[in-house]
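Please examine the sequence and the three-dimensional structure shown below. The paragraphs that follow lead through them step by step.

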Amino acid sequence: MSLVNFRDPAALADPASRWIRPGTLFRSAQPFPAADEAVVAQLREHGITTVVDLRGESESRPEDWAAAEAAGIAVVPARVEPTNDELAQAMRAMTTAEDLGAFYLLMAESAPQRLAAAVEAAVRPGGVLVHCAAGKDRTGLLTALLLELLGVPAEEIVADYARTNEAIEQIWAGLADRNRAALNEVEAGRLVVPAPLLEAPAGAMSTFLGLVRAEHGGAEGFLTACGVPAETLDAFRAKAAARTAARTAASAEAGTAARTAASAEAGTAARTAASNTAEVTAC
């Protein structure tokens with residue numbers, strides 16, 4: 001079975017390729033029930049050579065990506081655990097899309113080293129697939145940070161996130177089949193999932209991006225605080241930025257360097273001229 005909720009954000013969020021280079025970053029839900037020949041063919045078709053798995057330890061199984069690894073596709077675990085005491089408290093209080101967006105920031109802030117590892121993996125050559133369980137929450141926040149890093153406008157990032165709603169029934173069916181015990185808990189009334197978590201409300205991503213900007217100055221500031229080196233951020237931009245965006249950045253950098261060099265040269269010339277004048281006067 002092919003991957004559910006699978007897409008290249010560049011195809012829909014940036015069809016004109018103004019910010020993202022197509023074929024570099026992909027997102028999806030986890031494989032249901034595990035990667036098979038169809039999934040491997042899907043990965044190969046899109047040039048994906050690395051899979052970044054954001055699921056927690058208890059959510060993953062050795063067989064999930066065994067077929068892909070056997071086919072030479074690297075699988076990098078960057079385990080963002082979906083709950084701790086603070087997250088559990090926030091989940092119990094969650095009633096709105098805005099609450100979900102604040103929850104995303106808490107979850108991201110709880111796993112700086114894991115997110116840094118995910119960004120490092122995204123720099124690897126070839127296409128990179130990022131996924132969690134549903135391909136919605138952890139995948140959504142990491143994808144949003146990477147897209148903002150490339151300069152994608154907030155409204156396009158939000159629209160890409162909300163597209164998960166188109167696959168939401170398939171996602172929950174796959175998760176229910178895989179996690180039959182959890183489904184039984186829901187049916188017995190012992191497991192309560194907050195309503196916002198059952199979909200991908202646009203307001204959640206808008207809130208998350210707003211909080212990242214307000215509290216961290218944007219995606220670059222947030223990822224830097226997570227421990228991602230500046231050279232890694234630059235390497236991701238060099239790999240994933242649309243060619244026109246990359247050329248613009250390179251041109252701007254070259255222009256700055258040229259102006260600096262010209263200024264330095266002018267200063268040297270002025271000092272030399274002044275020195276010569278002084279020597280003539282002295283003579």
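Is Asn 5 buried or exposed? Asn 5 is buried, because its relative accessible area is 7%, and buried means under 20% relative accessible area, exposed over 50% and partly exposed in between, with a 1.4 Å probe and protein chains only as cover. Asn 5 is found in the segment before α1 (9-13), and has a positive phi of about 60° although it is not a glycine. Helices (H or I, at least four residues) and strands (E, at least two) are DSSP runs, numbered from the N terminus.

The model is a predicted one, in which local features need pLDDT of at least 70 and side-chain atom pairs count only at pLDDT 80 or more, while totals for chains, interfaces and linings use all residues. Residues are numbered from 1 along each chain as its sequence is written, and side-chain values use heavy atoms, with hydrogens and water left out.

The chain as a whole contains 14 helices and four strands. Of its 283 residues, 44% count as buried. The accessible surface amounts to about 13300 Å², of which 56% belongs to carbon and sulfur atoms; such areas come from the Shrake-Rupley method with a 1.4 Å probe, and for residues only the protein chains shown count as cover. Among contacts in the chain with a separation of 6 or more, 81% are between residues 24 or more positions apart, a contact being heavy atoms within 4.5 Å.

Ser 17 counts as partly exposed because its relative accessibility is 24%. A cis peptide bond, with omega of about -10°, joins Phe 32 and Pro 33; Pro 33 belongs to the loop between β1 (25-28) and α2 (37-45).

Two strands pair if DSSP finds at least two bridges between them. Strand β2 pairs in the parallel sense with β4 (residues 127-131) over five bridges, and with β3 (residues 74-77), again in the parallel sense, over four bridges. In the pairing with β4, Val 52 has Val 130 as its bridge partner, whereas Asp 53 stands opposite Pro 77 in β3.

The expected span of a helix is 1.5 Å times one less than its number of residues. For the 15 residues of α11 this should give 21 Å, and the end C-alpha atoms are 21 Å apart, which agrees. The buried residues of α11 are Ala 204, Met 205, Thr 207, Phe 208, Leu 209 and Val 212, and they pack against α5 (97-109), α7 (138-149), α8 (154-162) and α12 (219-225). Just after the helix, Gly 217 takes a positive phi of about 80°.

Which residues does Leu 209 contact, leaving aside its neighbours within four places in sequence? They are Ala 144, Glu 148, Ala 154, Ile 157 and Val 158. Leu 209 is buried, because its relative accessible area is 2%. Between Leu 209 and Ala 102 there are 9.6 Å in space, C-alpha to C-alpha, although the two are 107 residues apart in sequence.

The structure holds 11 salt bridges, each a side-chain nitrogen of Lys or Arg within 4 Å of a carboxyl oxygen of Asp or Glu. One of them joins the side chains of Arg 7 and Asp 160 (3.1 Å, N to O). This pair links distant parts of the chain, with Arg 7 in the segment before α1 and Asp 160 in helix α8, 153 residues apart. Arg 7 counts as buried because its relative accessibility is 9%, and Asp 160 is likewise buried, at 1%. Another salt bridge joins Arg 55 and Asp 64 (2.8 Å, N to O); Arg 55 counts as buried at 0% relative accessibility, and Asp 64 is buried with a relative accessible area of 1%.

A further salt bridge connects Arg 237 with Asp 234, their closest N and O atoms being 3.3 Å apart. Both residues lie in helix α13 (residues 230-240), three residues apart, about one turn of the helix. Arg 237 is partly exposed at 24% relative accessibility, and Asp 234 is partly exposed at 47%.
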